[in-house]
Amino acid sequence: MRHLFHFGVFYVITPSSNALYTDLSGYYDLMCADINYQSQSDCVRRLHQLFGNQGKRHLDLACGTGPHIRYFIDTGFSSDGLDLNQPMLDQAKLRCPEAQFSLQNMCEFVVDAPYDLITCFLYSIHYSGNVKNLSACIRSAHAALKPGGVFCFNAVEKNLINNNSFVRHIVQHEGSEFAFKSGWFYSGEGDRQALKLSIEKTTDKVTEEWHDDHPMVAVSFNELKELLEPYFEVTVFEHDYEKLEMWNTTSGNAIFVCVKR
């Protein structure tokens with residue numbers, strides 16, 4: 001079986017030569033069904049209260065179908081979203097009709113008016129792909145913020161990735177069982193890592209499979225701070241949305257809170 005991925009779309013060619021095609025946006029919410037969007041949004045709002053300028057204009061990079069934006073709007077923010085995938089933005093607009101959505105690359109985006117808070121959840125900062133693009137994303141975020149604005153995202157430290165570690169969850173949906181599995185892979189050198197994804201859909205005991213390696217940028221936290229510090233005051237927290245603790249320097253996941261210089 002041959003599997004290809006391109007711009008948010010899975011292509012699966014089975015041994016019988018039947019081509020299955022699905023836009024990833026149709027599976028996005030199922031794939032993320034185990035994520036506590038409210039907890040993540042509430043945590044970042046607290047961080048914005050602690051570090052930010054108290055403004056309420058918010059932009060979510062790589063917003064997907066907009067679940068984080070929904071929670072920000074419901075707590076008094078004026079929130080907008082940006083993504084490369086138009087079908088996901090279409091779903092986001094249905095979920096959040098109050099928001100404005102833009103089809104742009106987060107590595108070179110522009111805004112009509114500056115924001116007080118820019119977020120990038122679910123490790124999506126790594127979709128920059130390489131360090132050059134990541135640097136451009138950081139510059140774009142800096143330019144899009146008001147004075148004292150906050151850029152907040154989560155990241156994974158390349159040198160602490162366990163290539164054998166995966167997370168998996170199962171969801172029942174419209175008579176089918178979906179099993180989603182994901183894990184990081186880093187070769188040990190360079191600025192490229194992969195997010196390995198698989199989807200299994202079982203209907204009436206027949207299972208179809210999709211597999212992909214998403215190309216992602218690999219950085220150490222020290223490298224990431226070096227990229228950020230010309231533009232931001234950087235504080236790093238443990239990757240725990242329920243309580244705020246400073247990063248212990250040994251865990252491989254963290255939340256970065258970056259205040260515009």
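Predicted model: local features only at pLDDT ≥ 70, side-chain atom pairs only at ≥ 80, totals over all residues.

Residues are numbered from 1 along each chain as its sequence is written, and side-chain values use heavy atoms, with hydrogens and water left out.

K196 has a salt-bridge partner in D213, with the closest N and O atoms 3.0 Å apart (a salt bridge here is a side-chain nitrogen of Lys or Arg within 4 Å of a carboxyl oxygen of Asp or Glu). D213 sits in strand β12 and K196 in strand β11, so this pair ties together parts 17 residues apart in sequence. D213 is partly exposed too, at a relative accessible area of 43%.

The whole structure holds 10 salt bridges. Another one joins K158 to E223, with 3.3 Å between the closest N and O atoms. This pair links distant parts of the chain: K158 is in the loop between β8 (145-156) and β9, E223 is in helix α6 (residues 221-228), and they are 65 residues apart. K158 is buried at 11% relative accessibility, whereas E223 is partly exposed at 33%. In helix α2 (residues 37-51), D42 and R45 are 3 residues apart, which means about one helical turn separates them. Their closest N and O atoms are 2.7 Å apart in a salt bridge.

Now for the sheet. Helices (H or I, at least four residues) and strands (E, at least two) are DSSP runs, numbered from the N terminus. Four of the strands make an open antiparallel sheet in the order β9-β10-β11-β12, where pairing requires at least two DSSP bridges between two strands. At the edges, β9 (167-173) and β12 (206-217) each pair on one side only. Inside the sheet, β10 (residues 176-186) and β11 (residues 192-203) pair over 10 bridges.

Finally, look at helix α4 (residues 86-95), where M88, L89 and A92 are buried. Seen down the axis of α4, the buried residues fall within an arc of 100°, so they line one face of the helix (the arc is that of the directions from the helix axis to the C-beta atoms).

Notes: Buried < 20%, exposed > 50% of the residue type's maximum accessible area, 1.4 Å probe, protein only.
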